[in-house]
Amino acid sequence: MTQDFFKALENRRSIYALAKESPVSDERIQEIVEFAVKYTPSAFNSQSTRVIVLLGDKHDRFWDLTEEQLRAVVPADNFAPTEEKISSFRNGYGTVLFFEDETVVKGLQEQFALYADNFPIWSEQTSGMHQLVVWTALEMEGLGASLQHYNPLVDEAIQKEWDIPSNWKLRGQMPFGKPTMPAGDKEFQPLEERVKVIK
């Protein structure tokens with residue numbers, strides 16, 4: 001199991017070339033996300049992470065909305081690279097939206113005033129752990145993914161589109177699908193500069 005876990009982490013990469021296909025069922029995708037949300041840890045067992053999985057035309061609609069918002073802020077003569085990037089995400093099979101419930105975070109700040117400044121930080125860490133678990137699990141099922149951050153640009157639009165509670169703060173978007181090209185080579189900084197073992 002240890003080697004399987006290490007291999008999955010090694011294979012998890014940012015995949016941008018996606019097809020609108022999935023090697024697993026929608027039900028399996030739901031199982032993966034539900035497992036991650038249930039078992040990924042959170043500070044004080046806050047369970048503050050909220051997740052929406054967009055499939056089919058809802059997935060396409062998210063990237064349509066994102067493109068609309070970007071067109072309003074990116075100059076038209078410079079929009080071609082942005083349009084190409086958004087199209088690559090829309091070409092995928094689905095998108096996972098990661099949120100943090102600010103009501104939970106604020107409640108913990110009130111309940112544990114001594115740690116109040118830390119709860120927003122711990123909330124971000126919780127979200128990051130959920131993102132890694134989902135990303136790695138999707139990779140293990142043969143799906144490629146990447147993590148995007150078009151928040152807060154798209155927040156208002158998607159809240160209106162899908163009646164998302166205003167206390168859900170969008171933290172990341174993960175388009176996924178069947179990879180059509182592998183990730184490129186990745187460079188690593190020397191581990192001796194990044195890891196210290198003190199005995």
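## Basis

Two strands pair if DSSP finds at least two bridges between them. Helices (H or I, at least four residues) and strands (E, at least two) are DSSP runs, numbered from the N terminus.

This is a predicted model: local features need pLDDT of at least 70, side-chain atom pairs count only at pLDDT 80 or more, and totals for chains, interfaces and linings use all residues. Residues are numbered from 1 along each chain as its sequence is written, and side-chain values use heavy atoms, without hydrogens and water.

## Strand β3 and its partners

Strand β3 covers residues 94-101. It runs antiparallel to strand β2 (residues 49-55), with 7 bridges joining the two. V51 stands opposite F98 in β3. β3 also pairs with strand β5 (residues 168-179), again antiparallel, over 8 bridges. Here T95 faces P175 in β5.

## Burial of β3

In a regular strand the side chains alternate between the two faces of the sheet. In β3, one side carries G94, V96, F98 and E100. The other carries T95, L97, F99 and D101. Both faces are covered, and all of these residues are buried (under 20% relative accessible area; exposed is over 50%, partly exposed in between; 1.4 Å probe, protein chains only). Because 8 of the 8 residues are buried, β3 is largely enclosed by the rest of the structure.

## R28 in helix α2

R28 lies in helix α2 (residues 26-39). Its relative accessibility is 33%, so R28 counts as partly exposed. The side chains of R28 and E141 make a polar contact of 2.7 Å. Such a contact is a pair of N or O atoms within 3.5 Å; within protein, one must be able to donate a hydrogen and the other to accept it, and residues adjacent in sequence count only if both atoms are side-chain atoms.
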